[in-house]
Amino acid sequence: MTWRAWESAPPRGAASVRVAQVWKGGRMIEALRDRLREVGFTVDAVFGLIGPDAHRALARNETTPARRATTDGSPLSTLVRLFQLQLDVPRGQVEQALPGLVEPLAAERLLAVDGDDVRALVDVRPYGDETHDWWVVADLTPGLDQRPVEVGPEHVLGISEASSSLAQLTVREPVARALDLGTGCGVQALHLSTHAREVVGTDVNPRALWMAGLTAELNDVGLDVRDGSLYEPVVGERFDLVATNPPFVVSPPSEERLVYRETAFPGDDVVRRVVTGAADHLVEGGRCQVLAAWVHDADLTWQERLGGWVAGTGLDAWVVQREVLDLPAYTEMWLADAGLRHVPDYPQHYARWLDWFAEQGIAAMGFGWISLHRTDREEPSVRLEEWPGAVTQPVADAVVEHERRVDALATGAVLDVAWRHAPGLLQESLSRPGAAEPERIVLHQDHGICRSRVADTVTAGLVGASDGDLTAAQILDALAVLLERDAEALRADYAPVVAELVQDGFLTPL
Ligand SMILES: C[S@@+](CC[C@H](N)C(=O)[O-])C[C@H]1O[C@@H](n2cnc3c(N)ncnc32)[C@H](O)[C@@H]1O
C-alpha cells in the first residue's frame with residue numbers, strides 16, 4: 001500500500017468551512033472523545049502496553065517491536081496499530097475499538113475503508129502533561145520502518161522535539177489571552193488552554209487549521225482558529241502571551257516548500273518578523289516566546305544580528321543560543337527530514353544547498369530560545385548569550401527567575417539589596433592535601449540554567465552570607481574587617497561582581 005501524507009487534505013480555501021462543520025456539528029468528534037476515554041487511550045496506557053523498548057523504537061520510527069506487543073485484539077492495541085503503527089486493521093476489530101464511528105470517520109476522511117480493512121488517514125495520538133491526558137490530530141508520521149519519507153507541501157507535523165522544547169520554554173502563568181502563532185496540529189494550544197482564558201491559533205496551511213480545530217474539539221478545548229500569515233490574523237489585537245515555533249528552516253528557494261518548516265521569507269526573516277512584530281501585539285507585562293533558528297554571517301556576530309532585531313522593539317529580551325550547526329550538518333539534517341537522504345540525486349541537492357549558503361554569505365546556523373517581555377522600562381534589558389550546557393526543565397522557570405532578577409537590577413543600587421543565594425546552589429572547594437585554604441572554589445547552580453563560576457574568597461564569602469538578611473554592602477564591610485581590606489575599595493571592586501552574580505542567577509532577590 002502506498003500512502004501520501006496529504007491524501008486526506010481538504011481542498012485549499014475550504015479550511016474554514018471544514019473546521020466549522022467539524023466543530024459545530026461536533027457530535028462525531030464528541031463520540032470519538034468519549035470512546036478514546038473509555039478505552040483509556042492515554043500516553044501511560046500505550047507505554048504500559050508496548051513497554052519501554054518498543055516505545056523507544058517507535059521514537060526511532062521502527063514499528064516492529066510495537067507490532068509484536070499489540071496482537072491481543074484489544075481496543076487499545078487496535079487504536080495503536082491503526083493510528084501509530086499505520087497498519088491496515090481488519091474492519092471488525094476497528095468496529096470493536098470504535099463502535100459506530102468507522103463510517104463517520106471515513107466520511108470525514110480521518111479513516112479509509114479498503115475492502116475488509118481500515119487504515120488511518122491521520123494520526124490521532126495520546127499526549128499529555130502532568131495533569132492532562134490529551135489527543136493530538138496530525139498527519140501520519142512519515143518514514144516508518146525505513147519506508148521512503150513522502151510528505152507533501154501541506155503536511156501537518158505532529159508533536160516534534162521542537163514542539164516539546166517550546167512547551168517547556170513557555171511560561172505557564174494564568175493569563176487572559178494567548179496566541180499560538182503557527183498552530184500546526186494544535187499542540188501548543190492544548191498547553192495554552194491550561195492557563196489562558198482565550199487561545200487564538202493561526203496558520204497559513206488550511207490543513208493545519210483543520211487539524212488544530214480537530215485537536216481542540218477532540219479535547220473539548222476552546223480554540224479560535226484563524227487563517228493568515230504571522231500577525232496578519234490578529235491585527236490590532238493584544239495578547240498576554242505569544243508562543244511560537246515558526247517554520248524557521250533556512251533553505252534555498254524551491255518550487256515545493258514544506259509549509260511546516262519553510263516560508264517564502266528570505267533566510268531567517270520569518271524569525272525577525274516574529275520578533276519585530278511582537279511589541280504591537282503584547283499587553284503590558286506580556287511575553288512572546290519563540291523557538292528559533294538564525295543565520296550566522298560574516299558581517300555581524302549573531303548577538304549583533306539578533307540584538308539589532310530586538311533593539312527597536314522596546315521589549316526586554318533574553319536570547320539563549322543553544323546550538324550552532326555547521327552547514328554540512330545542517331544540510332544533511334534537513335535533506336533527511338524532507339526524505340531526500342536516499343534519492344539518486346542526493347549529492348546534487350546537497351551541493352545546491354551549500355552553493356546557496358555560500359551565495360548568501362551564510363556561515364553557520366544558530367538555534368535557540370528567544371523570550372521577549374514587555375516591561376515598558378526606559379532602558380530595556382537585552383541579554384544574548386550562548387548556553388549549550390545543561391538546563392533543568394521546564395526551563396520556563398528560569399525565564400521567570402531571569403525576569404525577576406532583571407527587575408531587581410533595574411533599581412541600580414546593587415549593593416543596597418539583601419540578596420539571597422540561589423536555592424540549591426552548590427559550592428565546591430578544591431585544596432591540596434594538607435592545605436588550610438582551598439586552592440579553588442567553584443559555585444554550581446543545580447537547576448534552571450546550570451551555570452558554574454569560579455569564586456575568589458570574597459565572592460564565595462559574599463554568596464555564602466547572602467541569605468536575605470544583610471545587604472551586599474553590609475556583607476562586604478564585614479568581609480573587609482575579616483580579611484583586613486579597605487571597605488570602600490572592596491565595595492567599589494565588588495559592585496560589578498554582585499551585578500554579575502545576580503545576572504547569572506547565583507544571587508537572587510527575595
Ligand atoms: C514548525 S511548525 C509548528 C507547529 C506547532 N506550533 C508545534 O509547536 O509543533 C510551524 C507552523 O507554522 C505554520 N506556518 C508556516 N508559515 C506561516 C506563516 N507565514 N504564518 C503563520 N504560520 C505559518 C506551518 O503551517 C506550521 O503549522
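This text walks through the structure from the whole chain down to single residues.

The structure is a predicted model: local features need pLDDT of at least 70, side-chain atom pairs count only at pLDDT 80 or more, and totals for chains, interfaces and linings use all residues. Residues are numbered from 1 along each chain as its sequence is written.

Start with the whole chain. Its C-alpha trace spans about 90 × 50 × 50 Å along its principal axes. The secondary structure comes to 18 helices and 18 strands. Here helices (H or I, at least four residues) and strands (E, at least two) are DSSP runs, numbered from the N terminus. The chain is divided into domain 1 (139-386) and domain 2 (411-508). These bounds come from an automatic or database domain assignment. The centres of the two domains, taken over C-alpha atoms, are 39 Å apart.

Of the 510 residues, 39% count as buried. A residue is buried if 20 or more other C-beta atoms lie within 10 Å of its own, exposed if 12 or fewer, and partly exposed in between, with C-beta atoms placed from the backbone.

Now look at two helices. Helix α16 (residues 457-465) and helix α17 (residues 472-483) pack at an angle of about 130°, with their axes 10 Å apart. Axes are lines fitted to C-alpha atoms, for helices over the stretch in contact, and angles run from 0 to 180 degrees between N-to-C directions. The pair α16 and α17 is therefore oblique. Angles under 35 degrees count as roughly parallel, over 145 as roughly antiparallel, 65 to 115 as roughly perpendicular and the rest as oblique.

Which residues of α16 meet α17? They are Thr-457, Val-458, Gly-461, Leu-462 and Ala-465. Their partners in α17 are Ala-472, Ile-475, Leu-476, Leu-479 and Leu-483. Two residues are in contact if their C-beta atoms, placed from the backbone, lie within 7 Å.

Next comes Gly-277, in helix α11 (residues 269-277). Gly-277 is partly exposed, because 17 other C-beta atoms lie within 10 Å. Leaving aside neighbours within four places in sequence, Gly-277 is in contact with Leu-230 and Tyr-231.

Last, the backbone. Most residues other than glycine have a negative phi, and most peptide bonds are trans. Gln-146 has a positive phi, near 65°. With 9 C-beta neighbours inside 10 Å, Gln-146 counts as exposed. Glu-484 also has a positive phi, of about 55°. Glu-484 lies in the loop between α17 and α18 (487-503). A cis peptide bond joins Gln-393 and Pro-394, with omega about 0°.
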